[in-house]
Amino acid sequence: KHYKFIIKIVIKYNKKYNNIFLDCRGIIESQAISYRYHAEKLGLSIEQIRSIVITGGGSVNREILQIIADVFEKEVCSSSVINTAASGAAIRALYA
C-alpha cells in the first residue's frame, strides 16, 4: 500500500506544476519501486540478478524499460516473444 501513498504525493506535487508528463512518469516510477519492494519482501536477492526481462505491452516502451533499469540498477530487456501471458498459461495447462 506504500505505492498508493507515493502516487498520491506525485499527483499532488505535479498538480502544482500542471505537468501531465510528470504525473505519468511518477506513477510508472512508483510501480517500479513497488516491484522492487515486493521482490525484496518475498526474499529475492536483487544483488544476484544479472538482468530483467520485461514482457507485455509496456515492454515496447523504452522509457518504461529505463525506469525499471534505474530502480533495480540492472540491465533490462524486452522479450521478442509476443503473447507471453497466453504462452505461459498454455504451458501451465500442458503440465497441469
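Start by selecting Arg36: leaving aside residues up to four places away in sequence, Arg36 touches Ile46, Val71, Phe72 and Glu73, where a contact means heavy atoms within 4.5 Å. Arg36 sits in helix 2; helices here are DSSP runs of H or I with at least four residues, strands are runs of E with at least two, and both are numbered from the N terminus. Buried or exposed, with a relative accessible area of 18%? Arg36 counts as buried, because its relative accessible area is 18% and buried means under 20%, with exposed being over 50% and partly exposed in between (1.4 Å probe, protein chains only). Draw a distance from Arg36 to Ile46, and you get 8.2 Å between C-alpha atoms for residues 10 apart along the chain.

A word on what you're looking at. This is a predicted model, in which local features need pLDDT of at least 70 and side-chain atom pairs count only at pLDDT 80 or more, while totals for chains, interfaces and linings use all residues. Residues are numbered from 1 along each chain as its sequence is written, and side-chain values use heavy atoms, with hydrogens and water left out.

Now zoom out and colour by secondary structure. The protein chain has 4 helices and 2 strands, and from the N terminus on they run α-α-β-α-β-α. Of its 96 residues, 25% count as buried. Among contacts between residues at least 6 apart in sequence, 59% join residues at least 24 apart.

Gln31 is partly exposed, at 29% relative accessible area. Gln31 and Val71 are 40 residues apart in sequence, yet 10.0 Å apart in space, C-alpha to C-alpha.

Next, select Ala32, Ile46, Ile52, Ile54, Ile68, Phe72 and Val76. Of the 14 residues in the largest nonpolar core, these touch the most other members; such a core is a set of buried Ala, Val, Leu, Ile, Met, Phe, Trp, Tyr and Cys residues joined through side-chain atoms within 4.5 Å. Helix 2, strand 1 and helix 3 each supply at least two residues of this core, and the largest share, 7 residues, comes from helix 3. In soluble globular proteins, nonpolar side chains tend to be buried together. Click on Ile52, and beyond its sequence neighbours up to four places away you'll find Phe72, Lys74, Glu75, Val76 and Cys77 in contact.

Then hop to Glu73, in the loop between helix 3 and strand 2 (75–78). Check its backbone: phi is positive, about 55°, although Glu73 is not a glycine. At 65% relative accessibility, Glu73 counts as exposed.

For another loop, pick Ser59, between strand 1 (51–54) and helix 3 (62–72). Ser59 is buried at 8% relative accessibility, and, again skipping residues up to four places away, touches Ile54, Leu65 and Ser78.

Last stop: Tyr95, in the segment after helix 4 (84–94). Tyr95 is exposed at 67% relative accessible area.
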